[in-house]
Amino acid sequence: PVFLFRTATVPRLDIVGWFPTPILSFMGGVYMALVVAGGWAIYRSEAPKRVAPLLAWTALAVLPLSAVRHLPLFAIGLPILLAPHFASAAGSIVSDSSPTRPSSGRLQGTLTATAIVVGAVMLLSAAPRVRCVEIAEARPIRYPVRAVAWLQQSGVEANLAIYFDWGEYALWHLAPGIKISMDGRRETVYPDSVYDEYLRFQNGVGEWDEHIERHPTDLVLFTRDRPAYNLMRLKPGWELLYEDDAAALFAPLGSNASARLRATPIPDVEEHGIGYCAP
């Protein structure tokens with residue numbers, strides 16, 4: 001319980017998903033629409049107002065104000081927790097506009113059929129993307145696709161210091177032969193001391209290279225947009241094996257990992273995976 005409380009309240013200024021939902025934005029408009037819809041259903045409903053579902057809905061409604069990543073959870077919980085109230089509110093609208101009040105069974109059947117049709121349309125529209133969520137050129141996901149493919153093709157086994165945003169991507173493609181230093185699981189896997197080490201390394205502050213000196217490190221794969229990239233280029237005993245406009249791969253001079261990679265041709269794949277399937 002202590003861990004859950006701490007991890008739910010610790011600030012994450014480096015992760016956009018933990019920023020509060022900006023009300024004056026598209027996401028904020030979605031949030032307000034969901035709140036209004038839920039409030040309207042509760043107000044118009046003649047169904048019993050059970051305390052537990054209403055408290056759960058209220059908690060879900062407040063969470064997006066602390067972090068935008070809670071908004072999908074709120075959207076999912078809304079129709080589940082307030083289903084009786086939406087049904088009752090919809091029934092009251094039908095009865096107000098019709099001289100003959102429909103039976104509850106008929107109304108429930110109509111709402112169920114409507115939900116099935118809407119759900120079927122959504123599923124069919126998403127079906128072509130189920131097997132391949134394509135990385136679009138208009139919004140390229142700047143992952144080190146070519147660099148990771150090179151590591152994968154080489155079969156090298158190594159401890160890889162990696163940029164936070166790429167951790168799970170590399171884990172997906174390179175485990176178990178390559179172990180990574182950091183990824184988005186954060187404090188659920190890594191001690192605070194290791195995460196603090198990583199932040200110093202990424203931002204090039206203090207003993208910035210402690211992250212790769214304290215722990216056996218065979219390779220470093222990092223974004224060129226952070227100070228660690230420039231510092232690694234200047235670090236004695238390390239060499240730049242590969243770079244493109246997003247990623248750079250470093251290895252200790254004369255290391256086995258370096259030799260293994262140099263003996264492997266760089267794959268002819270797109271640097272960022274535009275047009276490829278994610279992940």
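Predicted model: local features only at pLDDT ≥ 70, side-chain atom pairs only at ≥ 80, totals over all residues.
Me: What makes cysteine 132 and cysteine 277 a disulfide?

Reply: A pair of cysteine sulfur atoms within 2.5 Å is counted as a disulfide. The sulfur atoms of cysteine 132 and cysteine 277 lie 1.9 Å apart, so the pair qualifies. A search of the whole structure finds one disulfide.

Me: Which parts of the chain does the pair link?

Reply: The parts are distant: cysteine 132 belongs to the loop between helix 6 (104–130) and strand 1 (133–134), whereas cysteine 277 is in strand 7 (residues 277–278), 145 residues apart. The link is left-handed, with -105° about the S-S bond.

Me: Why is cysteine 132 called partly exposed?

Reply: Buried requires under 20% relative accessible area and exposed over 50%. Cysteine 132 has 22% relative accessibility and therefore counts as partly exposed. Cysteine 277, at 41%, is likewise partly exposed because its value falls between those cut-offs.

Me: How do you know that the buried residues of helix 9 line one face?

Reply: The buried residues are Val194, Tyr195, Glu197, Tyr198, Phe201 and Gln202. Seen down the axis of helix 9, they fall within an arc of 155°, so they line one face of the helix. In general, an α-helix has 3.6 residues a turn, so residues three or four places apart point the same way.

Me: What do the buried residues of helix 9 pack against?

Reply: They pack against strand 2 (158–162), helix 10 (210–213), strand 4 (219–223) and helix 11 (227–234). Just after helix 9, glycine 204 takes a positive phi of about 65°.

Notes. Residues numbered from 1 in each chain as written. Heavy atoms only, no water. Buried < 20%, exposed > 50% of the residue type's maximum accessible area, 1.4 Å probe, protein only. Helix = DSSP H or I, 4+ residues; strand = E, 2+ residues; numbered from the N terminus. Arc of directions from axis to C-beta. Contact = heavy atoms within 4.5 Å.
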